[in-house]
Amino acid sequence: MRALVIAHGHPDFSVGGAEIAAFNLFTALKRQRSISDVVFLGRCDHQNLGHGAIMMLRHGEYLWRQDIGDWFRLKSANPVAILTAFREFLQFVSPDVVFIHHFVHMGVEVLREIRRTLPQCKIVLTLHEYVAICNRNGQMVKNKTKRLCYRESIEDCHSCFPEYSPQEFWLRKHYIQRHFEAANFFVSPSDFLRQRYIDWGLPKEYTYVIENGQPTAHPDVANLKNENYHTKFAFFGQVTEYKGVDVLLQAMHLMPKELRAKISVEIHGANLESQGGWLQELVEKLRKPLIAEGVLRWVGPYEHAELPRRMKKVGWVLVPSIWWENSPMVIQEAFVNRRPVICAGIGGMAEKVKNGVDGLHFEVRNPTDLADKLIEASSDPLLWMKLVRGIRTPLNYDQCAEEYLKLVS
Amino acid sequence: MKKIEPIPGAVNGKVGVPLVNAEDPDNIRGLSIDRIVPASDFIVMTGWVIGETTVEFKDSSGQIIVPEGINYFTRADVATGYGVSDERVRGFLVIWKRISTEIFTVMFPSKTDRRPFDLHIGLPPASSTATLHDLVSENWSRAGFLLTHLASSPIWVAAIAKILKVRDALTLARGHLEHARGISEVGGIIVGWAAAEPRIHFALIGDDGRFKYLTQAVRWNRQDVMEATSHELGGYAFDAGFLQFWEGPLRLGSRVQLIAIDGERAFELSVVEWQAAPVDPVSYARWAFEFPTPMNKFAERLSNHDGIIINYLVERKIESRLKSPPVVICYGQIPENPEVSIVIPLYGRHDFMLNQLLEFSLDEGLVSKSEIIYVIDDPRLVDPMSSDCALFYDTYGVPFKVVWGGSNRGFAGATNLGVSVGVAPKVLFLNSDVIPVEPGWLNAMVAVLDSHANIGILGARLLYPNGAIQHNGMDFRWEPSWGAHLNKHPGSGFEAGRADVSDVSMCIAVTAACMLLDRKLYAEIGGLDELFLIGDFEDSDICLKARKLGLEIGCLQSLSLVHLERQSLSGIGTDKFRDKVARYNAWRHEKKWGQFIVDLMGGGKKK
């Protein structure tokens with residue numbers, strides 16, 4: 001069977017979770033016996049490549065210079081290229097199955113084009129966020145109030161975006177759904193996201209949950225009993241308001257000083273300087289005294305390859321996001337490195353981390369509750385050990401690829 | 001009843017002999033011809049009638065003749081003169097086209113039972129221009145009527161144009177001429193804007209009386225005009241911008257008027273003087289392509305308007321090249337009886353020579369059987385090359401010639417120049433940024449061309465530096481928004497398969513970046529076409545010419561060369577000027593080859 005994996009980025013140039021997951025699937029498929037040939041197509045924005053053109057990067061890997069022109073309808077900026085360069089590429093690769101991990105930055109039209117040019121091909125669309133459902137960065141967070149959104153409807157969406165009438169939201173949904181119909185199967189890394197999409201209109205018989213594959217775990221049980229892992233916490237990821245770093249810092253402030261002195265928190269975060277000024281000021285105001293106290297270490301950004309080493313130095317991984325999330329890579333990575341997770345109890349986070357089994361939940365956006373959890377977590381080393389033992393090994397890359405292949409065989 | 005003998009014409013066209021029946025003071029009837037002016041194909045007559053609302057005409061043989069046009073109006077002066085009320089008098093203005101009678105009979109309508117008299121008028125000899133001007137001036141308020149019927153006569157149009165007044169407030173027409181630039185021998189373009197209610201017609205009039213309605217002009221929307229005239233014209237101001245070709249010969253400094261014809265009236269809206277347009281074709285294109293022709297009308301604009309100007313300017317530029325022979329410098333000993341002339345034009349940079357000469361130096365077969373001809377196509381390279389080339393020869397030991405023709409000629413011109421200073425029976429066009437990576441490539445190409453009598457032109461597989469295909473044959477794709485077939489490189493960007501065992505594949509066309517053909521064929525075809533603007537399509541043009549002679553096109557498969565072609569040819573958002581130049585070339589190519597390509601690609605209608 002010939003396979004094609006399509007993503008909205010190539011990991012050589014773009015480091016988001018979804019494109020990394022797609023590329024990992026590509027490399028895993030290369031090892032599968034039932035796959036005779038697999039090709040990866042990643043979108044890029046390289047200026048030296050003509051817009052719309054597809055160019056080989058190295059054997060088996062291609063880049064496509066493309067953009068979205070209309071974010072409201074997820075329409076491509078260069079629809080002609082879909083009918084010319086992309087069509088030619090599909091005919092050249094001639095896959096029996098296409099795993100498409102995104103259409104953002106390319107255009108939802110690619111789905112129908114694959115179906116039209118390769119009528120017999122199986123198309124599997126993996127959904128990594130809610131962009132087809134929600135016009136607000138695909139997060140399902142209300143536009144002005146930033147409250148969590150539980151349900152889409154054309155009237156609700158119009159309330160968030162008064163500049164678009166309910167009729168326009170209907171047209172948007174119609175357009176996107178008709179393009180989704182080109183796919184045979186839909187895959188979500190979390191049941192939470194799967195359910196949201198089913199509520200939106202995807203057929204549940206064709207919508208599956210397959211977790212993103214992770215590197216094979218190398219558990220290091222040796223030193224666990226000797227260190228005070230249960231008092232060491234860390235956050236890994238982008239420092240945006242949606243990741244809840246300010247909630248974490250406020251929770252630390254709410255702990256009584258003598259309890260706070262017993263813990264240490266590390267923030268391994270990037271891109272604070274690209275955030276809004278208000279967030280930068282708020283974070284600076286909150287972190288300064290904590291750093292002075294010695295309880296907070298602001299470690300800064302990291303290369304992906306450094307993650308295991310950094311995670312292994314601490315006991316708990318914190319995921320205090322203020323939105324639903326889907327299947328945050330950091331949770332899977334924590335489990336690979338055998339570290340329990342403390343996270344907000346909503347959405348994909350609450351699904352991937354089981355309270356009292358492999359981690360703890362706190363009430364979303366509530367620093368007081370998070371403070372209580374930090375105290376609880378740091379006071380009893382036996383709790384930490386129990387949660388470590390409760391961690392299930394995540395799917396590795398090959399197991400993930402096999403799950404995908406089961407769909408299409 | 002008074003009767004009058006026929007009057008044999010009159011002096012200076014003025015007849016002015018009224019016949020009036022005054023016997024019955026309550027029922028005065030009268031008839032008069034004031035002027036009768038023949039000029040070019042037309043005869044124009046004015047007069048008046050008392051007591052009827054219309055008149056009729058007969059020719060010498062007594063047949064009723066119907067004029068081209070007749071316009072009736074009030075004559076208060078006549079009414080006062082004869083003491084009758086205004087309603088009983090009608091003035092008339094009549095236009096005849098190509099009437100061969102010598103005597104007109106003007107009479108009351110034949111159905112009238114009491115016809116007091118007929119007026120017989122002989123045609124005067126051709127009038128002096130003063131008479132013509134007098135008639136026209138007297139009828140200035142009927143200029144629209146006159147123009148509508150006399151538009152084809154420059155003498156009449158020129159006279160009418162002189163008496164046009166600026167529009168009055170009743171006429172809802174606005175317009176302005178912004179540019180009129182051209183080249184005396186071939187013509188120019190007039191650019192401006194015009195907007196009016198639909199019943200009003202716009203036209204352009206030259207000093208020489210040439211008249212052209214604006215209906216064939218290319219139109220586009222002018223937001224500034226819409227905003228400025230919205231209170232008067234509203235939606236009628238849409239697509240007010242226009243561009244119109246004016247055929248040569250032109251006299252620079254002469255004028256063009258923009259006029260509005262509103263029924264029987266006409267007004268002048270704007271005047272502009274002809275100025276010189278840039279004569280260098282690229283400079284002309286830079287200026288002319290600024291006018292925002294909608295892209296879907298660009299081909300139409302070229303066909304109906306200034307495509308002919310650009311073509312003329314390109315031809316003229318080539319003819320005006322210095323006739324002095326090119327400067328040729330030889331480095332090292334060129335083989336005496338070379339089999340192949342390798343022609344390599346250089347523009348902008350010459351450092352590619354290092355990589356090429358290095359590769360050539362490893363290819364004994366190439367060096368012994370070819371003459372390498374570098375053509376300088378860029379004056380900026382003359383000095384650096386004169387210092388570097390001797391060093392290149394000393395370093396690599398590969399002999400080569402360098403040619404400088406005195407000016408930039410473009411890819412086609414530079415290549416043709418290079419071919420002309422060579423002698424070998426075969427010619428190979430090679431781009432300066434095509435670098436061979438294995439010796440023996442030229443021998444392989446020559447062997448294939450020699451062993452396949454049906455192949456007239458042979459190309460080669462070219463790869464991008466990363467190993468993806470850059471060229472493996474070309475074909476055509478119909479591009480609807482351009483109205484033209486464009487060159488396409490199938491498989492470009494994709495991984496190259498292994499070099500094919502079968503040595504050659506057949507294609508529709510191949511790129512001139514690496515192209516081999518017999519000099520005889522090159523001469524029969526006439527070389528590369530130099531009339532594309534800046535350069536484009538020369539390769540598909542020469543391939544189609546070879547096909548027309550019954551020959552086929554092949555592409556060598558057994559090896560590849562590297563082409564450092566910039567990958568930046570884009571689908572959207574290109575440099576606007578470059579895009580329009582490309583459209584010009586596509587239009588020109590399509591005019592030459594459109595139908596041939598359609599037949600070649602499988603017949604039937606264009607897609």
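A cavity here is a set of points, on a 1 Å grid over the protein atoms alone, where a 1.4 Å probe fits but cannot get out. Rolling a probe the size of a water molecule over the atoms shows where empty space is left.

Before the tour, some ground rules. This is a predicted model, in which local features need pLDDT of at least 70 and side-chain atom pairs count only at pLDDT 80 or more, while totals for chains, interfaces and linings use all residues. Residues are numbered from 1 along each chain as its sequence is written, chains are lettered from A and ligands numbered from 1 in the order in which they are written, and side-chain values use heavy atoms, with hydrogens and water left out.

Searching the whole structure turns up six cavities of 30 Å³ or more. A volume is the space filled by probe spheres set on the grid points, which are joined across faces, edges and corners. The largest cavity holds about 110 Å³. It has 14 lining residues (those with an atom within 4 Å of a point), and C134(A), N135(A), C149(A), C157(A) and C160(A) sit closest to its centre.

There are pockets too: a pocket is an open set of points with protein on both sides within 12 Å along at least five of seven lines. In the second largest pocket there is about 1,700 Å³ of space. Its lining is made up of 47 residues, with V15(A), G16(A), G17(A), Q238(A) and K243(A) nearest the centre. Two or more lining residues come from each of α1 (17–30), β11 (232–238), β14 (316–319) and α11 (329–336) of chain A; these helices (H or I, at least four residues) and strands (E, at least two) are DSSP runs, numbered from the N terminus.

**Where the chains meet**

In chain B, 19 residues are in contact (heavy atoms within 4.5 Å) with 18 residues of chain A. Together the two chains bury about 1,400 Å², 56% of it on carbon and sulfur atoms; buried area is the accessible area (1.4 Å probe) that two parts lose on being put together, summed over both.

Which residues form a salt bridge, with the closest N and O atoms 3.9 Å apart? They are E88(A) and K488(B), and this interface has one salt bridge by the rule (a side-chain nitrogen of Lys or Arg within 4 Å of a carboxyl oxygen of Asp or Glu). Chain B's side of the contact has six nonpolar, 10 polar and three charged residues.

**Elsewhere**

Over all chains there are 50 salt bridges. R87(A) and E113(A) make one at 2.6 Å, N to O, linking helix α2 (residues 79–93) with helix α3 (residues 109–117) of chain A.

In chain B, a cis peptide bond joins G248(B) and P249(B), with omega about -5 degrees. P249(B) belongs to the loop between β15 (241–247) and β16 (255–262).

Conventions. Nonpolar A, V, L, I, M, F, W, Y, C, P; charged D, E, K, R; others polar.
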